[in-house]
Amino acid sequence: DGDWSVFTGQVFQTFSELVHVKRPFRIDPGWAKWCGLDYGYADPTVCTWFARIPKGTEIQVEYQKPLVTTEHHVVLYRTFTARQMLAQDQAMNIAMLSSGERIGGVYADPSMWAHRGQAAGMTVADEYAAAGVNLTRANNDRLEGVQRVHRALAHAPYGGPELWILDTPENHDLIRTLPGLPADPVRPEDVLKSSDDHWYDSARYGLMASDGYSPSQRTSG
């Protein structure tokens, strides 16, 4: 159909930069916020920050007319990626980036409670807690997660998709990798585990947690 970004076995064919990627705008301190976290050392650790935009919100976007939302949206507004960084240093960076924000929860890869950290007798989750970042186990049901991402990307008849991603340099790895994720040939309803899925996994954890954040919920920044 003339769309060269579509290929056989592509999981998220509905993703479109024109639709899902938005110019940066101010994140209101009153919007509910939370994070998704996928842990790695040799592989990247990725943390993504989300906020829920209530219906009827007026958004000021540079060089554009103000946008008034006709539906509730979830915006992925920040990404932190770390490679070969110790767990406590990862946590310190995440805490620093979240400074001044009220983060409702950091929903993390459940393996972080199993992997041993650098400190004796501590898990990676323990090391994060010692650095001031308390984690919550994410829902890691992979098939539910794929369906939740599909739902977030779906083109609604009015108001567009639920998920927006801000067009910032730190978010470009997710924007680059999400449309290229292939299906598992053995389990075609899932993403292939050996693919470049670290940014997707972080976003998946965050989206799985998003239903716990009411559009009317307000927090102080």
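Which residues are buried in helix H2 (residues 87-97)?

1. Basis of the note. The model is predicted: local features need pLDDT of at least 70, side-chain atom pairs count only at pLDDT 80 or more, and totals for chains, interfaces and linings use all residues. Residues are numbered from 1 along each chain as its sequence is written, and side-chain values use heavy atoms, with hydrogens and water left out.

2. Helix H2. The buried residues in H2 are Ala-87, Gln-90, Ala-91 and Ile-94 (buried means under 20% relative accessible area, exposed over 50%, partly exposed in between, with a 1.4 Å probe and protein chains only). They cover an arc of only 95 degrees around the axis, so they lie on the same side of H2; the arc is that of the directions from the helix axis to the C-beta atoms. Met-92 and Met-96, on the other side of H2, are exposed. Helices (H or I, at least four residues) and strands (E, at least two) are DSSP runs, numbered from the N terminus.

3. Aromatic pairs. Six aromatic pairs are found in a search of the whole structure (rings of Phe, Tyr and Trp, the last by its six-membered ring, pair if their centres lie within 6.5 Å; planes under 30 degrees apart count as stacked, over 60 as edge-to-face and the rest as tilted). One of them is the tilted pair of Phe-12 and Tyr-200, with 5.4 Å centre to centre and 45 degrees between the planes. Because Phe-12 lies in the segment before helix H1 (17-20) and Tyr-200 in helix H6 (residues 198-210), this pair ties together parts that are 188 residues apart in sequence. Phe-12 is buried at a relative accessible area of 0%, and Tyr-200 is buried at 1%.

4. Trp-34 and Phe-50 are stacked, at 5.9 Å centre to centre and 10 degrees between the planes. Trp-34 belongs to strand E2 (residues 33-38) and Phe-50 to strand E3 (residues 45-53), so the pair ties together parts 16 residues apart in sequence. Trp-34 is buried, with 0% relative accessibility, and Phe-50 is buried, with a relative accessible area of 0%. Trp-34, Phe-50, Tyr-107 and Tyr-213 form one aromatic cluster.

5. Charges over rings. Arg-78 lies over the face of Trp-49, 5.1 Å from the ring centre, and Arg-176 over the face of Trp-199, 5.8 Å from the ring centre (NZ of Lys or CZ of Arg within 6 Å of the ring centre and within 35 degrees of the ring normal).

6. The cavity. There is one cavity of 30 Å³ or more (on a 1 Å grid over the protein atoms alone, a set of points where a 1.4 Å probe fits but cannot get out; lining residues have an atom within 4 Å of a point). H6 gives the most to the lining of the largest cavity, with three residues. Among the lining residues are Val-149, Leu-163 and Tyr-200.

7. The largest pocket. Its volume is about 220 Å³ (a pocket is an open set with protein on both sides within 12 Å along at least five of seven lines). Of the 14 residues that line the largest pocket, Asp-38, Asp-109, Arg-142, Asp-197 and Asp-201 are the closest to its centre. H6 supplies the largest share of this lining, four residues.

Methods. Points joined across faces, edges and corners; volume = space filled by probe spheres on them.
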